[in-house]
Each structure stands twice: as C-alpha cells, then as structure tokens.
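Me: Hi! I'd like to walk through a structure with you, in short questions. Ready when you are.

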Amino acid sequence: MSYTGIDTKVVVVTGAAQGIGLGYARRLITEGATVILADRAAAAVEQAAARLNDEGDGKAFAYVVDVADPCSCADLARELSTQVGRIDGLINNAAIFSTIAMKPFWEISVDEWDQLMTVNLKGPWLLTSALLPLLRASDAASVINIGSDAVNMGRPGYLHYVASKGGVTGMTFSMSHELGEFGIRVNTLSPGPVYTEVHRDTVSATQKDAMLTRQALHRTAGPDDMTSLAVFLISDDSSYLTGQTISVNGGLIHR
Ligand SMILES: NC(=O)c1ccc[n+]([C@@H]2O[C@H](COP(=O)([O-])OP(=O)(O)OC[C@H]3O[C@@H](n4cnc5c(N)ncnc54)[C@H](O)[C@@H]3O)[C@@H](O)[C@H]2O)c1
C-alpha cells in the first residue's frame with residue numbers, strides 16, 4: 001500500500017535514536033519521506049541515522065535537540081529553516097519513559113516529577129511552537145503527539161508519566177483547534193504496551209501476561225505495529241482527520 005503524498009514529505013521525529021521513534025523514522029523513510037531524526041542522545045541519533053542511510057537511500061538526517069530546552073528547540077528550527085525551509089510532519093515522540101523507576105506516587109520526588117513533566121509535556125509544546133513557522137510553510141502539515149494508553153488503564157507505578165501523557169492528549173485537542181486555521185492537523189497516537197530493543201522496568205513479567213490475557217489479540221506489539229498509523233496520519237490520506245486520539249493496543253482497552 002502506498003500513502004498519498006508521503007514521498008514528498010519532510011518529517012521530524014523526536015526521540016528517534018531508539019525504540020518506537022526509530023521505528024517511525026525507518027518506516028517513513030521506507031515509504032519515501034525525508035526524515036529528521038531529533039534526539040538529545042547525540043551519538044545514538046547519529047548512529048541511528050547512519051544505519052537508516054545504509055539500509056536505504058540517504059533520506060535520514062540526525063539532529064541533536066533537547067525538547068525540554070527552548071534554546072535547543074529554537075536552534076533546531078533555525079537550522080531546519082536554512083536546510084529544508086518547511087516541515088510537513090512532526091512526531092512528538094521523545095519522552096522520559098524506558099528509564100522510569102516504578103514506585104508509588106507518594107515516593108516520586110519533586111525533582112523527578114518536574115524533570116519528567118518538562119520533557120514529556122512541556123517538550124511537545126516547546127518544539128511545536130518553535131517549528132510552527134516551518135509547519136505553516138507546508139501545504140498540508142500534520143503533527144502527531146505520542147500519548148499512552150497507560151492513561152486510560154490508570155496504570156499504577158508512574159503517576160508523573162500517566163499525568164504527562166494525559167496532558168499530551170488534552171493538548172492535542174486544543175492545538176488542533178488553534179492550528180486548524182493554518183491547515184495543520186494534530187492528532188494523538190496512543191500506544192498500548194510496546195516491546196522494543198530497549199529493556200525497561202515499567203512492565204513486570206506478571207503484568208505483561210495479565211495485559212496479554214486482557215487484550216483481544218493475544219500477542220505482544222513491537223514498533224512495527226505502531227508505524228502504519230503514523231504514516232497514515234502524516235500522509236494526505238488522513239487530510240480530514242484532526243483532534244483525535246487513536247489507540248493502537250491490540251484491543252486492551254476500549255475508549
Ligand atoms: N514502549 C511502550 O510500551 C510505550 C507505550 C505507550 C507510549 N509510549 C510512548 O512512545 C514513545 C517512545 O517510547 P519508547 O519505548 O521508544 O521510549 P524510549 O525511552 O526507548 O525512547 C525515548 C527516546 O526519547 C529520547 N529523549 C528523552 N528525553 C529527550 C529530550 N529531552 N529531548 C530529546 N530526546 C529525548 C531518548 O534519548 C530516547 O531516544 C514515548 O513517548 C513513550 O512515552 C511507549
């Protein structure tokens with residue numbers, strides 16, 4: 001299947017050095033898009049882009065950005081306005097996630113709370129704001145904010161994370177209305193549990209089994225299970241779709 005207009009799109013994917021973000025970047029490039037891999041992990045994002053260019057035809061570009069830092073976001077916007085002049089897609093995927101230490105909410109320190117919120121909630125706002133002139137320069141721009149079905153599940157053990165992703169989902173609704181007049185669409189892609197090459201402690205073996213039993217589809221998801229929806233949302237095939245939250249969770253929960 002090919003997606004309308006995707007081969008002419010320039011797409012920024014944050015948090016693309018590893019995990020699902022790298023999956024979005026790889027799939028978009030496979031579909032013909034040019035992808036800016038943006039991550040604060042400098043060596044890892046350079047390696048990721050080099051690997052994608054080895055696999056394909058040189059459409060991956062690495063940039064170091066800290067989405068929590070307004071100056072860093074402004075630097076990226078400045079560089080991209082010189083290098084590419086417009087952006088057709090932005091996937092706000094970067095987050096503090098796989099490194100979270102699970103604990104009851106009353107044991108989360110104020111510093112941990114603030115750091116996570118600054119990246120996961122303030123980051124998508126800061127970067128979307130900084131890149132707005134470039135998004136407006138596109139004929140048909142699409143922003144995807146990455147949420148989480150941990151919100152609907154009320155998953156215990158990382159209240160700051162759940163709160164940040166609830167905020168991201170709310171932000172999408174308002175952003176879609178504020179950006180609609182510029183023809184920019186904004187949606188939330190909300191994954192259920194996804195297992196990547198990165199080890200994490202946010203799901204124990206028991207919890208993994210329990211969630212698999214509850215799912216309509218009794219298999220685990222990998223990054224590839226998320227990427228079709230992302231490509232569809234960036235492409236012109238979804239040109240009337242905005243302000244929505246779409247879960248990809250194998251039927252684990254139903255909104
Ligand atoms: N894996 C899952 O089960 C799952 C489920 C629901 C939602 N999500 C969401 O999907 C996204 C990707 O998940 P993942 O499993 O690949 O996570 P991950 O922790 O493996 O990767 C996160 C990436 O973001 C980058 N990053 C972190 N802080 C940054 C910053 N300040 N500026 C720029 N880059 C930064 C990291 O360097 C890393 O490359 C996250 O938003 C996560 O919350 C994941």
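Me: Leaving aside its neighbours within four places in sequence, which residues is Thr14 in contact with?

Reply: Thr14 is in contact with Ala38, Val67, Leu90, Ile91, Asn92, Asn93, Ala94 and Leu127, where contact means heavy atoms within 4.5 Å. Before we go on, this is a predicted model: local features need pLDDT of at least 70, side-chain atom pairs count only at pLDDT 80 or more, and totals for chains, interfaces and linings use all residues. Residues are numbered from 1 along each chain as its sequence is written, and side-chain values use heavy atoms, with hydrogens and water left out.

Me: Thanks! Where does Thr14 lie, and is Thr14 buried or exposed?

Reply: Thr14 lies in strand β1. Helices (H or I, at least four residues) and strands (E, at least two) are DSSP runs, numbered from the N terminus. With a relative accessible area of 1%, Thr14 is buried; buried means under 20% relative accessible area, exposed over 50%, and partly exposed in between, using a 1.4 Å probe and protein chains only.

Me: What does the side chain of Thr14 reach at 2.8 Å?

Reply: That is the backbone nitrogen of Ala94. The pair is a polar contact, defined as N or O atoms within 3.5 Å; within protein, one must be able to donate a hydrogen and the other to accept it, and residues adjacent in sequence count only if both atoms are side-chain atoms.

Me: On to the ligand. How many residues surround the ligand, and which are the closest?

Reply: The ligand is surrounded by 28 residues, and the closest are Gln18, Asp39, Asn93, Ser98 and Tyr161. The cut-off here is a heavy atom within 4 Å.

Me: Which N or O atoms come up against the ligand's oxygen and nitrogen atoms?

Reply: Ser98 has a side-chain N or O atom 2.6 Å from an oxygen atom of the ligand. For Ile20, a backbone N or O atom lies 2.8 Å from a ligand oxygen, and for Val67 a backbone N or O atom lies 3.0 Å from a ligand nitrogen.

Me: And how much of the ligand does the protein bury?

Reply: The protein buries 95% of the 840 Å² that the ligand exposes when taken alone. Those areas come from the Shrake-Rupley method with a 1.4 Å probe; for residues, only the protein chains shown count as cover.

Me: Let's switch to packing. How many residues are in the largest nonpolar core, and which have the most contacts inside it?

Reply: The largest nonpolar core has 35 residues, with Val12, Leu80, Leu131 and Leu135 having the most contacts inside it. Such a core is a set of buried Ala, Val, Leu, Ile, Met, Phe, Trp, Tyr and Cys residues joined through side-chain atoms within 4.5 Å.

Me: Which elements each supply at least two residues of this core?

Reply: They are β1 (10–14), β2 (34–39), α3 (70–83), α4 (110–136) and α6 (159–180). The largest share, seven residues, comes from α4.

Me: What does Leu135 touch, not counting residues up to four places away in sequence?

Reply: Leu135 touches Ile87, Leu90, Thr128, Ala141, Val143 and Ile184. Apart from this core lies another, of 33 residues, among them Tyr3, Leu28, Leu37 and Ala48.

Me: Which residues of α8 are buried, and what covers them?

Reply: In helix α8 (residues 224–234), the buried ones are Met226, Thr227, Leu229, Ala230, Val231, Leu233 and Ile234. Their cover includes β1, α1 (19–30), β4 (89–92), β5 (142–146), β6 (185–191) and β7 (245–248).

Me: Now charges. How many salt bridges does the structure hold?

Reply: Seven salt bridges, each being a side-chain nitrogen of Lys or Arg within 4 Å of a carboxyl oxygen of Asp or Glu. One of them joins Asp75 and Arg78, with the closest N and O atoms 2.4 Å apart. Both residues lie in helix α3, three residues apart, about one turn of the helix.

Me: Which residue does Glu112 form a salt bridge with?

Reply: Glu112 pairs with Lys103, the closest N and O atoms being 2.9 Å apart. Glu112 is partly exposed at 26% relative accessibility, and Lys103 is partly exposed at 22%.
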